[in-house]
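Subject: A structure for you to look at

Hi there,

Here is the structure I promised to pass on. Please open it alongside this message and have a look around before reading on.

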Amino acid sequence: MARKASRHSFDPLHKKYMSSAKTASKLKTDLDNPQYYFNRELSWLEFNRRVLSEGLDDRNVLLERLKFLAIFSNNLDEFFMVRVAGLKQQVEAGVSKLSFDGRNPAEQLQDIYERLKPLVQLQDQHFQHTLKPLLAQEGIHLVDYLDLNREQRNYFHDFYQEHIFPVLTPLAVDPSHPFPHISNLSLNLAVVIKEPENEEQERFARVKVPGNFPRFVTLPPELCYYPDQEKVIWVGVPIEQVIAHNLDTLFPQMNIQECYAFRVTRNASLSVEEDEADDLMIAIEEQLHKRRFSGSVVRLEIHHSMPEDVRQMLIKEMDLQDIDVYEVEGLIGLDSLFTFLGLPLKHLKDKPWSPTAPAWLDAGKGSRSSEDFESDFFELIRQGDRLLHHPYHSFSATVQAFITQAAKDPDVLAIKMTLYRTSGDSPIIQSLIEAAQNGKQVAVLVELKARFDEENNINWARTLEQKGVHVVYGLAGLKTHTKIVLVVRQEKKKKIRRYVHIGTGNYNPKTARLYTDLGLLSCREDLGADLTDLFNFLTGYSRQSSYRKLLVAPVTLRSRMVAMIEREIAHVKNGGSGRIVAKMNSLVDLEMIQTLYRASQAGVEIDLIVRGICCLRPGVEGLSENIRVISIIGRFLEHSRIYYFQNDGAEEMYIGSADWMTRNLSRRVEAVTPVEDPKLIGDLNEILGIMLSDNRLSWQLQQDGHYHQKEPHADGHSDSTHDILMQMALQDSLD
């Protein structure tokens with residue numbers, strides 16, 4: 001990272017806050033008191049509120065605002081499939097255990113509904129009454145079927161007859177036809193019909209909107225015109241409306257009374273008894289089938305016009321309650337708004353970002369232009385540790401190229417790697433296959449339990465096995481979430497040297513352009529030895545309990561993190577200063593929060609950059625007045641983890657795959673590495689300083705659990721983390 005923006009580097013001594021910093025608190029507090037903690041589920045809803053706010057913010061260009069509304073919907077789908085589903089299971093099982101903020105499962109469900117209902121309505125209203133008109137001004141018209149002219153209706157009718165009608169299967173509901181299974185996240189039509197000879201008796205049928213069609217059916221260019229507008233780029237109609245206005249083809253000679261759209265969300269969690277499964281892959285495949293067809297319904301989304309009798313029938317048949325129902329005025333399932341990002345309208349999108357190659361790669365450009373480039377990365381890494389920051393640094397030019405080079409290099413003996421999520425067409429997969437075919441020992445740990453990527457992981461795990469790669473599935477009872485690569489190379493004089501990559505993000509070239517992540521490339525002997533021990537722990541019967549440098553969960557990570565926080569407390573008590581800056585995705589673990597509270601009470605200054613869930617309550621007198629929490633929400637998803645400890649001037653910096661969540665610290669295999677090169681520590685300090693100075697993307701957590709977005713400077717100037725880091729990366733590539 002270039003040093004051009006050193007004005008953003010944070011002050012390790014935290015002089016900015018020293019004038020108002022509280023000394024060690026004299027108040028005694030009961031750290032088990034529920035009032036000192038935020039509820040995990042409600043904190044997540046606050047995170048999704050911040051995502052929604054980006055869709056409401058007119059400083060963002062139009063199609064990006066639609067993107068954030070779509071992300072909000074996608075996030076809610078997963079929230080219901082996993083978190084709400086888990087709470088409902090607890091209620092059904094009679095579980096009354098309280099969360100550490102003092103709520104039982106039933107109370108949490110009620111609070112979720114009360115907090116979420118107005119957010120869903122806000123999203124719905126904002127799209128209907130603000131963003132749709134703005135789209136229309138740009139010549140993009142998402143219209144109702146009834147607003148089409150005759151020629152346009154005729155086109156959609158013909159399209160329906162030729163493409164959609166043959167796929168549809170109406171399912172009647174009556175004594176001889178039980179209520180049909182409604183698949184997860186499917187869009188459906190509830191149709192009320194009457195027979196001509198018996199107008200008093202209503203019948204009900206369900207029509208599933210086929211998921212293999214685009215959500216919006218579009219007109220051809222020659223029919224894309226709109227009253228009073230010269231330039232029309234796109235005209236589309238929701239597919240459910242096209243079906244609804246042609247239902248007479250499905251129910252000939254019947255009187256169609258009403259038709260209402262609805263959508264269902266089901267429990268999508270997996271339950272695999274790993275100790276009892278002879279073949280974990282087969283066991284997970286069986287559970288995937290059950291998840292697709294058997295999970296209980298946890299949410300029903302309906303159009304607000306649906307009458308009470310139809311609503312109650314759906315509630316009864318799906319064994320739901322009123323709080324499980326969410327009404328909208330407009331479109332159901334706004335995740336479909338991603339469609340509009342495919343329109344070729346650059347002025348309505350963020351300026352494209354092309355990741356750059358870090359400056360240190362220049363040293364190898366000459367040889368990398370030829371086919372024989374085997375020594376480049378290895379030579380560059382031997383010159384010193386290298387820090388990568390994606391998506392500012394190109395993933396393909398760094399991590400991907402490093403693995404590709406290792407696969408081709410005749411001196412490489414072995415490649416070992418963990419894969420949690422990746423794209424099925426990833427060049428990394430092809431490089432691993434090529435390495436195996438080149439006679440190298442290639443071992444890959446594939447995490448089959450990566451939520452919602454299980455099927456994808458199973459498919460390419462089988463592909464790797466068929467091509468000669470040694471594939472293992474990790475440890476029973478633990479997810480392998482760590483992001484590590486180990487390359488073993490035989491060099492001059494038969495010397496064996498180990499090269500490593502330790503990262504914060506998945507080896508996925510697609511998400512590497514959207515997520516911010518860090519990685520360390522090194523050939524330090526202690527890190528190489530640690531990764532060797534860690535892979536032996538993952539693939540064999542090793543019970544490694546200590547590591548030279550790495551902090552490994554569930555073995556050493558928790559205890560070391562707690563010890564480093566307590567070390568800051570000791571420095572303050574001994575008359576020195578204490579300072580912690582930690583960046584992560586979520587902060588949930590009770591022990592970590594209580595340790596931070598004790599540090600604040602002792603006078604340690606703490607800044608937390610937590611993108612998502614934060615159960616810690618900042619700013620409470622006598623408890624957490626020395627703790628500040630911000631969240632960065634913007635065009636990139638903040639995914640990197642950085643941990644800084646001042647350590648009385650002998651500062652320590654760590655990056656890795658683990659958040660401060662119980663699952664990361666106790667139920668997953670994670671690896672966090674120290675960054676020891678002074679220049680790289682300076683680079684990380686600079687990144688943290690930029691984020692702490694942000695007044696465009698930054699939201700500050702208040703004592704009441706709400707977040708306030710930071711305001712620009714008095715002159716209107718704003719410092720956006722993502723813009724600054726992109727500018728720095730560009731400058732770095734030019735220097």
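Predicted model: local features only at pLDDT ≥ 70, side-chain atom pairs only at ≥ 80, totals over all residues.

Residues are numbered from 1 along each chain as its sequence is written, and side-chain values use heavy atoms, with hydrogens and water left out.

**The cavities**

A cavity here is a set of points, on a 1 Å grid over the protein atoms alone, where a 1.4 Å probe fits but cannot get out; lining residues have an atom within 4 Å of a point. Grid points are joined across faces, edges and corners, and a volume is the space filled by probe spheres set on the points. Counted this way, there are 3 cavities of 30 Å³ or more.

The largest cavity has a volume of about 170 Å³. It is lined by 19 residues, and Ser73, Val120, Gln123, Arg299 and Glu301 are the closest to its centre. Two or more lining residues come from each of α3 (62–92), α4 (105–137), β8 (297–303) and β9 (325–328). Helices (H or I, at least four residues) and strands (E, at least two) are DSSP runs, numbered from the N terminus. The largest share of this lining, 5 residues, belongs to α3.

The second largest cavity has a volume of about 110 Å³. Of its 15 lining residues, His390, Phe395, Gly505, Asn506 and Asp517 are the closest to the centre. Here β16 (496–503) and β17 (515–522) are the elements that give two or more residues, and β17 provides the largest share, 3 residues.

**Strand β6**

Two strands pair if DSSP finds at least two bridges between them. β1 (residues 140–142) pairs with β6 in the parallel sense over 3 bridges, and Leu142 has Gly236 as its bridge partner in β6. β5 (residues 216–218) pairs with β6 in the antiparallel sense, also over 3 bridges; there, Val217 has Val237 as its bridge partner.

Happy exploring!

Definitions and conventions. 1 Å grid on protein atoms, 1.4 Å probe; cavity = no way out; pocket = protein on both sides within 12 Å on 5 of 7 lines; lining within 4 Å.
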